[in-house]
Amino acid sequence: PLPARYSHSAVVTGSNLYSIGGVDLHKPCHCHLLKINLETRTWSETNVSSLYPPLKKFLPYNFTAELVGKGECLLVVGGGGNCFSFGTHFNPQPWTIKFPLTKFGQT
């Protein structure tokens, strides 16, 4: 089944829905990009921080994502979190993910 998550952002381009980030109660906090093909009802997932190493300090929740440039880039703005243990962290800058990605895992 698809991994349940909340506090993510999602966009649709062509026949694909991309869901990025969010909190998955069964995995540690990682920056995953989920690709769902709406026609074939199949899905795959990739860890975006493995494609873009500077994102290791990115908190993948409480942000917004928008398609830009005729749908070939995903612009991610904002995000961060507040915790009594480690304090407050805000993602310092926006970043982009360029499509098409070729490193999606198989499901």
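Are E45 and R5, as placed in this predicted model, buried or exposed? Both E45 and R5 are buried. The legends below begin with the whole chain and then turn to individual sites.

**Figure 1. Overview of the predicted protein chain.** The model is a prediction. Its secondary structure amounts to one helix and nine strands. Read from the N terminus, the elements follow the order β-β-β-β-α-β-β-β-β-β. The protein chain has 107 residues, of which 39% count as buried. Among contacts with a separation of 6 or more, 42% link residues 24 or more positions apart. The accessible surface is about 6800 Å², and carbon and sulfur atoms contribute 58% of this area.

**Figure 2. The salt bridge between E45 and R5.** One salt bridge is counted in the model. The side chains of E45 and R5 form this contact, with an N to O distance of 2.8 Å. E45 belongs to strand β4 and R5 to the segment before β1 (9-13), so the pair ties together parts that are 40 residues apart in sequence. As stated at the outset, E45 and R5 are both buried.

**Figure 3. W43 in strand β4.** W43 lies in strand β4, which covers residues 42-47. The relative accessible area of W43 is 23%, and the residue is therefore partly exposed. Between W43 and L2 the C-alpha to C-alpha distance is 7.7 Å, although 41 residues separate the two in sequence.

**Figure 4. The open sheet of β5, β6 and β9.** Three strands make up an open sheet in the order β5-β6-β9, with antiparallel pairing. Strands β5 (63-68) and β9 (95-98) are the edge strands, each pairing on one side only. From one strand to the next, the twist averages 25°. In general, strands of a sheet pair through backbone hydrogen bonds, in either a parallel or an antiparallel manner.

Figure 5. Strand β6 (residues 73-78) runs antiparallel to β5 and is joined to it by six bridges. T64 has V77 of β6 as its bridge partner. A65 stands opposite V76, also in β6. The hairpin of β5 and β6 has four residues between the strands, and in this hairpin G69 adopts a positive phi near 60°.

**Figure 6. The largest nonpolar core.** This core comprises 14 residues, and those with the most contacts inside it are I20, L33, L74, V76 and W95. Strands β2 (16-20), β5, β6 and β9 each supply at least two of the core residues. In soluble globular proteins, nonpolar side chains tend to be buried together.

Figure 7. S7 is a residue other than glycine with a positive phi, near 65°. This residue lies in the segment before β1. The relative accessibility of S7 is 26%, so S7 counts as partly exposed. R41, likewise a residue other than glycine, has a positive phi near 60°. The position of R41 is in the loop between β3 (32-37) and β4. Its relative accessibility is 75%; R41 therefore counts as exposed.

How values were computed:
Residues numbered from 1 in each chain as written. Predicted model: local features only at pLDDT ≥ 70, side-chain atom pairs only at ≥ 80, totals over all residues. Heavy atoms only, no water. Buried < 20%, exposed > 50% of the residue type's maximum accessible area, 1.4 Å probe, protein only. Pairing = 2+ DSSP bridges. Axes fitted to C-alpha atoms, helices over the stretch in contact; angles between N-to-C directions. Core = buried A, V, L, I, M, F, W, Y, C linked by side-chain atoms within 4.5 Å. Salt bridge = Lys/Arg side-chain N within 4 Å of Asp/Glu carboxyl O. Contact = heavy atoms within 4.5 Å. Areas by Shrake-Rupley, 256 points an atom, 1.4 Å probe, with all protein chains shown as cover.
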